[in-house]
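Hello,

Here is the structure for your files. My notes on the helices and the charged pairs follow below it.

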Amino acid sequence: MSRDERDDPRGDGSPGAGARRTSPALTSRAAILAVVMCAIALSLAYPVREYIAQRKEISDLQRKQAASRKKVDELAQRKRQLGDKSYIEREATRRLHYCRPDVTCYIVLDGGGDDGRKARSDGPASRPPWYETLWRSVETADRPR
């Protein structure tokens, strides 16, 4: 007698009293496994989120550090410039119209009648030099009221 015949006592191929029962779709073991997997996933979610946030913070800090280093390098270069005597003399001549005693300096007036200053065509009128503004304030303060 074959195995199929032993399992099928009627012999007609229909499931009968001796047929095996199929297991339900969700057993208690599967439910426990699902609960355990969910618990593991939930317990790992917070540390993974913190890890990602920390990596982002580290990259932001590295970017800020690079910008700060660039600024320090620029300031160090500026410090070297200000330590150079020839640079200081050039800036004094350019900004303050300083003239060394052994050099003959000239100021060219264009004769426009507006005290040598013209309004720029691409923007507002330029400000007078600081010493001119200072002198005007002294003259204004000396006038009687």
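Helix α2 bends by about 30 degrees at Ala45, and a proline, Pro47, follows within four residues. Please keep in mind that this is a predicted model. Helix α2 covers residues 28–83, and at 1.5 Å a residue its 56 residues should span 82 Å; the end C-alpha atoms are 82 Å apart, so the two values agree.

The count of salt bridges comes to seven. Side chains of opposite charge can pair when their charged atoms come close.

Asp60 is partly exposed, at 24% relative accessible area, whereas Lys56 is exposed, at 54%. This pair belongs to a network of salt bridges that links Lys56, Asp60 and Arg63.

In helix α3 (residues 85–96), Arg94 and Glu91 are three residues apart, again about one helical turn. Their side chains meet in a salt bridge at 2.8 Å, N to O. Which of the two is buried and which exposed? Glu91 is buried, with a relative accessible area of 16%, and Arg94 is exposed, at 54%.

Asp102 also forms a salt bridge, with Arg100; the closest N and O atoms are 3.6 Å apart. Asp102 counts as exposed at 60% relative accessibility, while Arg100 is partly exposed, with a relative accessible area of 38%.

Regards

Notes. Residues are numbered from 1 along each chain as its sequence is written. This is a predicted model: local features need pLDDT of at least 70, side-chain atom pairs count only at pLDDT 80 or more; totals for chains, interfaces and linings use all residues. Side-chain values use heavy atoms; hydrogens and water are left out. Helices (H or I, at least four residues) and strands (E, at least two) are DSSP runs, numbered from the N terminus. The expected span of a helix is 1.5 Å times one less than its number of residues. The bend at a residue is the angle between axes fitted to the seven residues ending there and the seven starting there. A salt bridge is a side-chain nitrogen of Lys or Arg within 4 Å of a carboxyl oxygen of Asp or Glu. Buried means under 20% relative accessible area, exposed over 50%, partly exposed in between (1.4 Å probe, protein chains only).
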